Amino acid sequence: MATGIKDKVAILGMGCSKFGERWDAGSPDLMKEAFEEALADAGIERGQIEAAWFGCYGDAINVGNSSIPAATALRLDGIPVSRMENMCATGTEALRGATYAVASGAVDIALAIGAEKLKDTGYGGLPPPFKGTFNDLWMPMGSAPAGFAQLAAGYRARYGVSKEDLKRAIAHTSWKSHQNGVHSPKAHFRKAVSMETILNAPMISDPLGLFDCSGVSDGSACAIVTTPEIARALGKHDIVTIKALQLSTSSGRETQMADWDGSYVPNTRNAAARAYREAGIENPRDQLSLTEVHDCFSITELVTMEDLGLSDDGQAWRDTLDGKFDRDGDVPCQIDGGLKCFGHPIGASGLRMAYEVYSQLLGRAGDRQLSSPSLGLTHNLGGVPYQGVAAISILGLH
């Protein structure tokens with residue numbers, strides 16, 4: 001009978017590039033920047049890595065549609081390297097591949113790395129020419145802001161929240177993230193933004209204003225994983241292990257059936273429930289020290305708080321305004337500023353979230369360091385709420 005992966009895999013080292021408009025660097029440069037930090041953190045030689053998983057979303061506009069560019073950039077000589085792509089969950093998918101390889105006993109040390117160069121695409125958002133036939137059939141006139149703005153409409157209709165109250169809660173989510181991002185040296189945007197500015201910003205897709213949308217950035221992040229026993233043998237004392245890694249993908253039900261009202265994301269709830277079981281978490285509100293969730297748009301973060309069980313249904317807007325997810329709140333969210341401040345280079349985002357949780361657990365987060373965190377969660381949401389994929393990872397001290 002399956003027992004899950006809880007505490008079977010340890011993170012030996014992690015690295016993260018500076019995110020932003022990296023006109024000075026190509027994807028290989030960004031990968032090397034993250035990889036060299038991870039390698040030094042792990043305290044191993046390049047040749048000790050036995051397999052790698054490379055996450056990249058925009059193949060034709062970045063490095064190509066194979067794993068060869070990653071193997072070349074990092075000089076991973078002769079080992080198996082796999083390229084992963086699963087929409088915005090790509091980074092976490094790469095981590096899942098490396099983690100499962102170690103947990104299965106197939107290899108002792110594996111690498112997960114994600115990278116993306118969105119600023120070179122020539123588009124303000126994700127590049128539409130590469131979205132594929134599937135999207136052309138299912139959402140030919142869709143856009144990311146419109147798809148996620150629908151969450152606000154569904155949420156308001158279900159819970160009777162006024163437009164003004166929900167707008168203020170969404171704005172508080174954005175304000176909070178920008179306050180936190182000031183303390184993140186690797187973030188793209190590091191300037192605090194006032195509530196007044198956020199509330200009066202140009203509308204992108206009602207009710208989402210300019211500051212309720214994440215930016216477009218270049219970046220890379222990576223993790224080197226092994227077993228806890230090998231980590232100790234290599235001299236590691238404070239060991240961060242993976243408590244759970246779960247994924248849930250749309251089957252088409254949301255767009256084909258009438259039992260979904262658009263006020264929540266079923267995939268997030270499914271993945272979270274399985275992740276909590278795998279990690280042995282019975283009360284996430286009490287047990288989680290921090291979360292890094294997929295705030296591609298601020299309404300997404302707000303709804304995710306309910307999908308993760310951190311707020312009661314219909315109450316996340318109140319909890320947000322009450323500061324529950326602020327830096328000094330009960331369950332801090334986006335302590336590094338999240339996608340709002342880092343932007344969203346798709347292949348890197350999931351691993352960047354894990355990097356923040358890892359840094360916090362080891363007390364390395366500098367000015368953003370929380371007091372004695374023990375358990376952190378990351379959440380990615382790819383596609384749109386009605387047709388997508390959700391990924392959850394839970395990391396903790398072992």
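Tutor: Of the 398 residues in the chain, 61% are buried, where buried means under 20% relative accessible area, exposed over 50% and partly exposed in between, with a 1.4 Å probe and protein chains only. This is a predicted model, in which local features need pLDDT of at least 70, side-chain atom pairs count only at pLDDT 80 or more, and totals for chains, interfaces and linings use all residues. Residues are numbered from 1 along each chain as its sequence is written, and side-chain values use heavy atoms, with hydrogens and water left out.

The C-alpha trace spans about 55 × 45 × 45 Å along its principal axes. Among contacts with a separation of 6 or more, 78% join residues 24 or more positions apart; contact means heavy atoms within 4.5 Å.

The secondary structure comes to 15 helices and 11 strands. These are DSSP runs numbered from the N terminus: helices are H or I with at least four residues, strands are E with at least two.

Now for the helix itself. Helix α5 takes in residues 144-159, and its 16 residues should span 22 Å at 1.5 Å a residue; the end C-alpha atoms are 24 Å apart, which agrees. The expected span is 1.5 Å times one less than the number of residues in the helix.

At the start of α5, a side-chain oxygen of Ser143 comes within 3.3 Å of the backbone nitrogen of Ala146. This is a polar contact, meaning a pair of N or O atoms within 3.5 Å; within protein, one must be able to donate a hydrogen and the other to accept it, and residues adjacent in sequence count only if both atoms are side-chain atoms. After α5 comes Gly160, with a positive phi near 65 degrees.

Along α5, the buried residues are Gly147, Phe148, Ala149, Leu151, Ala152, Gly154 and Tyr155. Their cover includes the helices α6 (163-181), α12 (298-307) and α13 (316-321). It also includes the strands β5 (203-205), β6 (208-209) and β10 (375-384).
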